[in-house]
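Hi everyone, thanks for making time.

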Amino acid sequence: MKNDEEKPLGFNEVDVNHLFELLNHNSDWVWEVDAQGRYTWVSEVVTELLGFTPQQVIGKTPFDFMPPGEAERVGQTFGEIVAAKRPFSGLVNRNRRADGRIVVLETSGIPLFGPDGELRGYRGVDRNISTLGERVLQLETIYDTTPVALCMINRAGRLVMSNKAMMRLLNHADEPASELQVSTVMPDCWSQFETDFTLADKGWDIPSREVTWLDRCYYTQPVPVRDASENVVGLSVTWVDITRRSQAEQKLADANKVLQQYAQHDHLTGLFNRRKMDEYLIEEITHTLQKRIPLSVCLADIDFFKHYNDTFGHQAGDDCLRTVAKTLLSSRLRSDDNVSRYGGEEFLVILPHTDKAGALTVAERLRENIHALRLPHSASATGYLTISIGVATLNNDQTSPEDRPLHMIASGLIHHADTALYAAKNQGRNRVVAALDDDQRNAPGHPLTQ
């Protein structure tokens, strides 16, 4: 007895037998495989689960007992695990029993290393989850094959889970998902996900967003993943490819921009059209009356334009209108001055913050620049194309009566410019005439009403 007490502590035969009883009469199947995945030892529970004896299983691989498609799927996953030499758990897989029936197992295992540190195999357990397993496998299949990219990212930026669509999105379809760091592969997106983790920690909603990746546009929706203690351990992210929608929206925006351009600009000269001119003039009259500053307009008309059209043809007439428009625009006007085609061969120039003297100076420069073009015109007294201009000014000492709408003030201002233009035509053309101040003060209720 004394000798027995001096023996080193260890298992005796009873202990070993008891251990094997536990292993062989358990609900879980315990096994070991070598580095090539071949079973080197299995508990007797395998007979209950798969219908094969331990002797029939030894030397085979787990994939020998799986349907072909399942063997390929699980084999790829297990290959990634072996390559990383890491433990694993919860690997759900279908197996075909000896009688042909399918049993669903959940597999977990840990790596075994030799004295040299090299991987020599795995030790693990399989549990029968057939009741729940089919549902799990169906969900896994849906997750993996859905065309929408899905993934889970942990707080370290590693891709914990991803489906095939996600790996195609990342352009890493041939690489193990577990080896990808979102923080490295998608640094711009990772900075946004870091913000999402902060929001989730505070219990705030995480907003969806649109991101661009590899020339594609995606709608992303991150959702926090929590552990049993309600700590945020990851983000489940859905990526919906909206590239076609974004392209369609861009085309629509471009088309609307073109329509807006057509709605505001004259198709022939490219100048603002009558509609845009009306809007701009109302805005400037409002500012003028509020800030008590002057506003002037110049109404210009090409002299003898009908004769020009009849002589050179309508195509030349269109070219003439474009040339005049370009010249008016390039006549050292300020950025807030507005040149528009008023109609036919008439052009309206709106000059904010400009009094009568300033407007006359601008108008004279416009007239000289057109004459300097030296466009031949036999009907003109100078032998060249000329314009006549009428000028009208809304002075800063004029106020807007409450009963006089802004559009009527605008109409009155242009009317006075048109009256001055008519006077310029009567006085021989190729000249500038300003509306008379007496005429502007003549109106009952407003200086611009005659």
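So, let me start with a question: which residue in E5 does Trp31 stand opposite? The answer is Gly124.

Before I go on, some ground rules. This is a predicted model, in which local features need pLDDT of at least 70 and side-chain atom pairs count only at pLDDT 80 or more, while totals for chains, interfaces and linings use all residues. Residues are numbered from 1 along each chain as its sequence is written, and side-chain values use heavy atoms, with hydrogens and water left out.

Okay, the overall picture. The chain has 450 residues, and 43% of them count as buried. Buried here means under 20% relative accessible area, exposed means over 50%, and partly exposed is in between, using a 1.4 Å probe and protein chains only.

Back to where we began, strand E1, residues 29–34. It is mostly covered, with six of its six residues buried. In a regular strand the side chains alternate between the two faces of the sheet. For E1, Trp29, Trp31 and Val33 sit on one side, Val30, Glu32 and Asp34 on the other, and all are buried.

Who are E1's partners? One is strand E5, residues 119–128, joined to E1 by six bridges and running antiparallel. Another is strand E2, residues 39–42, which pairs with E1 in the antiparallel sense over three bridges. By the way, two strands pair if DSSP finds at least two bridges between them. On the E2 side, Val33 stands opposite Tyr39. The hairpin of E1 and E2 has four residues between the strands, and there Gly37 takes a positive phi near 85°.

A polar atom of the Asp34 side chain lies 2.9 Å from the backbone nitrogen of Gln36. If you leave aside neighbours within four places in sequence, Asp34 is in contact with Thr40, Arg120 and Gly121, contact meaning heavy atoms within 4.5 Å.

What order do its strands come in? This open sheet of five strands goes E12-E13-E11-E14-E15, with mixed pairing. Strand E12 (338–343) and strand E15 (432–434) are at the edges with a single partner strand each, so one side of each has no neighbour in the sheet. From one strand to the next, the twist averages 20°.

Within that sheet, E11 (residues 295–302) and E14 (residues 387–394) pair in the antiparallel sense over eight bridges. One example: Val297 has Ala392 in E14 as its bridge partner. Helix H14, residues 356–371, packs on the sheet and touches E11, E13, E14 and E15, with its direction at about 165° to that of E14. Helix H15, residues 406–426, also packs on the sheet. H15 touches E11, E12, E13, E14 and E15, and its direction makes about 145° with that of E14. For those angles, axes are lines fitted to C-alpha atoms, for helices over the stretch in contact, and angles run from 0 to 180 degrees between N-to-C directions.

Also in E14 is Thr393, which is buried at 4% relative accessible area. Its side chain makes a polar contact of 2.8 Å with that of Ser296. (A polar contact is a pair of N or O atoms within 3.5 Å; within protein, one must be able to donate a hydrogen and the other to accept it, and residues adjacent in sequence count only if both atoms are side-chain atoms.)

Last topic: charges. How many salt bridges does the structure hold? There are 22, each being a side-chain nitrogen of Lys or Arg within 4 Å of a carboxyl oxygen of Asp or Glu. Take Arg334, which is partly exposed at 38%. Arg334 meets Asp337 in a salt bridge at 2.8 Å, N to O, and forms another with Asp336, where the closest N and O atoms are 3.9 Å apart.

Finally, Glu70, Arg73 and Arg94 are linked in a network of salt bridges.

Terms used: Helices (H or I, at least four residues) and strands (E, at least two) are DSSP runs, numbered from the N terminus.
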